[in-house]
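Biologist: I have a new structure open and would like to learn how to read it. Could you walk me through some features?

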2 protein chains.
Amino acid sequence: MQKRYIMAPGPTAAAPEVLLKMAEPIMHHRSPQFSEILTEVREDLKWLFKTQNDVFILASSGTGAMEASVVNLLSPGDSAIVVRAGKFGERWAELCETNGIKPINIDITWGEAVRVEDIEKAINDHPEAKAVFIQAHETSTGVKHPIKEIGELLKDKNICFVVDAISAIGVYDIETDKWGLDIVVSGSQKAFGLPPGLSMLSVSQKAWSFIEESKCPKYYFNLLKEKKALNKKTTAFTSAVSLIIGLGEVLKDWKKQGHEKLFKHHKILAEATRAGITAMGLEIFSKVPSESITVVKAPEGINGQDVVKILREEFGITIAGGQAQLKGKIFRISHMGHLDQWDMIVALAAVERALKKLGHDVEFGKSIAAAQAYFAAHEE
Amino acid sequence: MQKRYIMAPGPTAAAPEVLLKMAEPIMHHRSPQFSEILTEVREDLKWLFKTQNDVFILASSGTGAMEASVVNLLSPGDSAIVVRAGKFGERWAELCETNGIKPINIDITWGEAVRVEDIEKAINDHPEAKAVFIQAHETSTGVKHPIKEIGELLKDKNICFVVDAISAIGVYDIETDKWGLDIVVSGSQKAFGLPPGLSMLSVSQKAWSFIEESKCPKYYFNLLKEKKALNKKTTAFTSAVSLIIGLGEVLKDWKKQGHEKLFKHHKILAEATRAGITAMGLEIFSKVPSESITVVKAPEGINGQDVVKILREEFGITIAGGQAQLKGKIFRISHMGHLDQWDMIVALAAVERALKKLGHDVEFGKSIAAAQAYFAAHEE
């Protein structure tokens with residue numbers, strides 16, 4: 001029974017209290033008791049998303065809700081602007097292509113954020129584009145895009161703004177209504193610290209007007225069906241009852257804390273970790289780093305995958321390496337899920353030890369001292 | 001803390017041991033430890049499905065895997081034969097229509113089974129049909145279709161045979177390979193007694209040759225992507241790790257029992273319940289009743305929904321009513337999930353009491369006596 005730490009950017013660590021709540025006897029998905037829970041969870045999601053829009057819950061991973069956004073909003077032959085700044089940006093483009101939609105790609109060097117001007121230019125060059133697809137936080141690079149500013153640009157235009165906030169919602173502020181976000185996508189296995197299998201998405205009035213015109217075929221991911229079901233306080237297909245019950249527990253806890261405390265928590269974990277990493281003489285990969293994860297450049301001569309491997313195999317700690325073109329070049333430490341300051345100390349200590357093992361020049365405790373100083377100055 | 005009984009045809013009762021296993025700390029979906037579990041679960045599913053075909057696991061409810069079957073096998077403009085003998089047969093037809101496939105519907109009176117001759121006639125009348133879609137067990141009516149016989153008819157023809165076995169797999173014998181079933185669909189929330197959110201499907205060599213030609217757009221449900229991932233011992237998108245771990249626990253237990261004991265268990269529960277229902281003077285609705293559920297005709301003058309309501313509100317017991325055209329006319333008791341003989345005694349006793357409350361002439365204990373006699377003669 002080795003103690004296990006999960007500090008990967010999803011799935012993330014779950015609170016034992018939540019896991020045990022999910023282990024309670026199974027409830028029927030059409031029972032009045034479950035309907036009540038579901039309705040409350042949807043209300044709490046609206047609070048979290050800062051929206052008056054309906055929030056839908058699907059039994060799928062986050063990619064399912066991404067595909068739902070594409071196939072419900074658009075029709076074959078349509079064009080859409082896609083910000084490709086990492087693996088998940090590429091996924092938007094693939095989802096468009098698969099479904100007969102022409103992606104107009106804005107390609108950004110991995111590790112950098114898109115600029116509002118890039119979007120402005122794209123919509124001017126392509127007035128035919130019906131939607132803009134982006135990540136709030138690109139999990140593969142740890143970069144935050146300027147969602148608020150892009151939202152303000154698009155708000156009054158006849159174009160839908162679709163934000164994959166899978167690794168942003170619950171971590172930092174996403175103001176769905178104020179920023180004019182038409183669809184915001186989320187998933188259970190990131191900030192919520194729940195097992196994977198649940199995705200959520202909010203849908204604006206503007207989005208509904210697109211949805212009514214959409215001609216992409218869809219059944220399991222049909223949002224008009226889900227809307228009908230929502231009005232009857234249920235889901236179109238069998239609800240993933242235990243995951244939704246877990247989600248309800250997390251949201252209750254978050255509501256008690258309030259938005260500010262929740263976002264501050266992630267900020268503190270991220271800043272302290274970055275202070276530690278920098279004190280270790282390492283570099284942060286992300287140009288606009290998020291509060292969701294810390295992405296560290298592997299030092300010269302060290303393969304990032306080896307750091308990940310030592311942590312996993314020798315220390316019982318799961319962090320993540322780089323994906324695709326970043327494989328070997330970075331490693332990623334999550335601040336999402338049921339984690340606290342002591343977990344970040346553990347992560348830093350483990351990275352110190354792994355790098356030493358790999359022959360890198362490390363002074364033990366230096367990164368910890370920097371993190372400690374930050375934590376001490378920002379007690380939650 | 002009212003004691004809760006769930007005897008609906010899904011979600012079904014879960015074993016506390018399995019729920020607690022699922023409550024263990026979350027595992028990363030790309031870790032070697034999870035890969036190993038996933039690979040073992042897939043092997044055990046092949047054992048259960050009686051197949052050498054690969055079995056895929058999707059993070060979706062059963063409907064997701066049904067849609068995956070349609071959009072991976074066929075192309076817009078294709079025709080397919082659909083057996084519509086209840087709500088889930090209708091779902092196959094809707095899935096086809098949604099995706100641009102012409103359903104050739106064989107409409108069967110609800111409560112009856114399709115005959116092999118009906119299929120034979122349909123394929124002769126429609127040589128253009130590329131697939132036959134059916135339920136092994138139609139959950140809305142409690143009826144079993146003659147899958148083995150239809151399989152033998154279609155086996156050597158260039159037509160795919162797709163069986164929704166969501167409420168059949170694990171309950172009674174489904175011989176995927178011997179009967180020539182090209183796709184067999186299953187779901188976590190029926191016989192497995194797991195929370196909803198997971199679907200599984202096996203895919204034959206014949207099916208792959210269709211899949212390679214298919215032109216329906218799909219991303220989240222793309223089986224070619226899943227096949228690539230399977231070869232790397234993972235899933236294309238984030239695996240629903242906790243549900244898969246739960247599935248592994250159930251399958252280990254089932255393998256220890258063996259097929260025969262597992263199927264006998266459900267048969268005994270079903271036969272004893274039906275003996276009890278008949279002794280109560282009530283009628284079984286299904287012409288070819290399954291071992292999955294018992295569907296009871298509401299007696300003259302009694303609304304089936306009232307029986308369901310009394311059980312739920314007064315006794316803490318969830319059974320199911322009728323759907324669509326059967327609403328009010330029937331009620332359904334499950335034999336799937338973590339249930340034993342004593343649960344069936346409870347169900348019968350509760351039905352006796354509910355009917356009495358509704359003014360029906362019931363002799364207390366009579367149904368129990370009949371069930372007891374059956375159980376005593378068939379001890380497991």
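Modeller: Let's start with strand pairing in this predicted model. Strand β11(B) pairs with β14 (residues 330-334) of chain B in the antiparallel sense, over five bridges. At one of these places, Val295(B) has Arg332(B) in β14(B) as its bridge partner.

Biologist: What is the order of the strands in the sheet that holds β11 and β14 of chain B?

Modeller: The order is β11-β14-β13 in chain B, an open sheet of three strands with antiparallel pairing. β11 (293-297) and β13 (320-321) of chain B are the edge strands, and each has a single partner strand, so one side of each is left without a neighbour in the sheet.

Biologist: How should I read the directions of side chains along a strand?

Modeller: The general idea is that side chains in a regular strand alternate between the two faces of the sheet. Take β9(B) as the case here: Ile183(B), Val185(B) and Gly187(B) point one way, while Val184(B) and Ser186(B) point the other way.

Biologist: Are the residues of β9(B) buried or exposed?

Modeller: They are all buried, whichever way they point. For β9 (residues 183-187) of chain B that makes five of the five residues, so the strand is largely enclosed by the rest of the structure.

Biologist: Which strands pair with β9(B)?

Modeller: One of them is β8(B), which pairs with β9(B) in the parallel sense over three bridges. Another is β10 (residues 199-203) of chain B, which runs antiparallel to β9(B) and is joined to it by five bridges.

Biologist: Why does Ile159(B) count as buried?

Modeller: Burial is judged here by counting neighbours, and 20 or more other C-beta atoms within 10 Å make a residue buried. Ile159(B) has 21 C-beta neighbours inside 10 Å, so it counts as buried. Leaving aside residues up to four places away in sequence, Ile159(B) touches Ile123(B), Ala129(B), Lys130(B), Ala131(B), Val132(B) and Leu154(B). Look also at Ile81(B): it is 78 residues from Ile159(B) along the chain, yet their C-alpha atoms are separated by 9.9 Å.

Biologist: Now the whole chain. How many helices and strands does chain A have?

Modeller: Chain A has 13 helices and 14 strands. Its radius of gyration is 21 Å, close to the 21 Å that the globule rule gives for 380 residues, so chain A is as compact as a globular protein of that length. The C-alpha trace spans about 60 × 55 × 35 Å along its principal axes. Buried residues account for 58% of the 380 residues in chain A. Among contacts between residues at least 6 apart in sequence, 72% join residues at least 24 apart.

Biologist: Into which domains is chain A divided?

Modeller: Domain 1 covers 5-9 + 257-377, and domain 2 covers 17-256. Their C-alpha centres lie 28 Å apart. In chain A, 25 residues of domain 1 are in contact with 24 residues of domain 2. On the domain 1 side, α10 (259-279) and β11 (293-297) of chain A each give two or more residues, and α10(A) has the largest share, with four residues. That side of domain 1 divides into eleven nonpolar, eleven polar and three charged residues.

Biologist: And how do I read the meeting of the two chains?

Modeller: In general, the size of an interface is often given as the accessible area lost when the parts come together. Here we can count residues: 44 of chain A are in contact with 44 of chain B. α1 (16-22), α3 (62-73), α4 (87-98) and α9 (241-257) of chain A each supply at least two residues to the chain A side. By class, that side has 22 nonpolar, 17 polar and five charged residues.

Biologist: What rotation superposes chain A on chain B?

Modeller: A rotation of 180° with 0.0 Å of shift along its axis does so, with an RMSD of 0.0 Å. The two copies are thus related as by a two-fold rotation axis. In chain A, Ser60(A) has the C-alpha nearest the axis, 2.4 Å from it. The same surface serves both copies, as 100% of the contact residues of chain A recur in chain B.

Methods: Residues are numbered from 1 along each chain as its sequence is written. Chains are lettered from A and ligands numbered from 1 in the order in which they are written. This is a predicted model: local features need pLDDT of at least 70, side-chain atom pairs count only at pLDDT 80 or more; totals for chains, interfaces and linings use all residues. The radius of gyration is taken over C-alpha atoms; the globule rule is 2.2 Å times the number of residues to the power 0.38. A residue is buried if 20 or more other C-beta atoms lie within 10 Å of its own, exposed if 12 or fewer, and partly exposed in between; C-beta atoms are placed from the backbone. Two residues are in contact if their C-beta atoms, placed from the backbone, lie within 7 Å. Ala, Val, Leu, Ile, Met, Phe, Trp, Tyr, Cys and Pro count as nonpolar, Asp, Glu, Lys and Arg as charged, and the others, Gly among them, as polar. Domain bounds come from an automatic or database domain assignment. Copies are superposed by least squares on the C-alpha atoms of residues with pLDDT of at least 70 in both. Two strands pair if DSSP finds at least two bridges between them.
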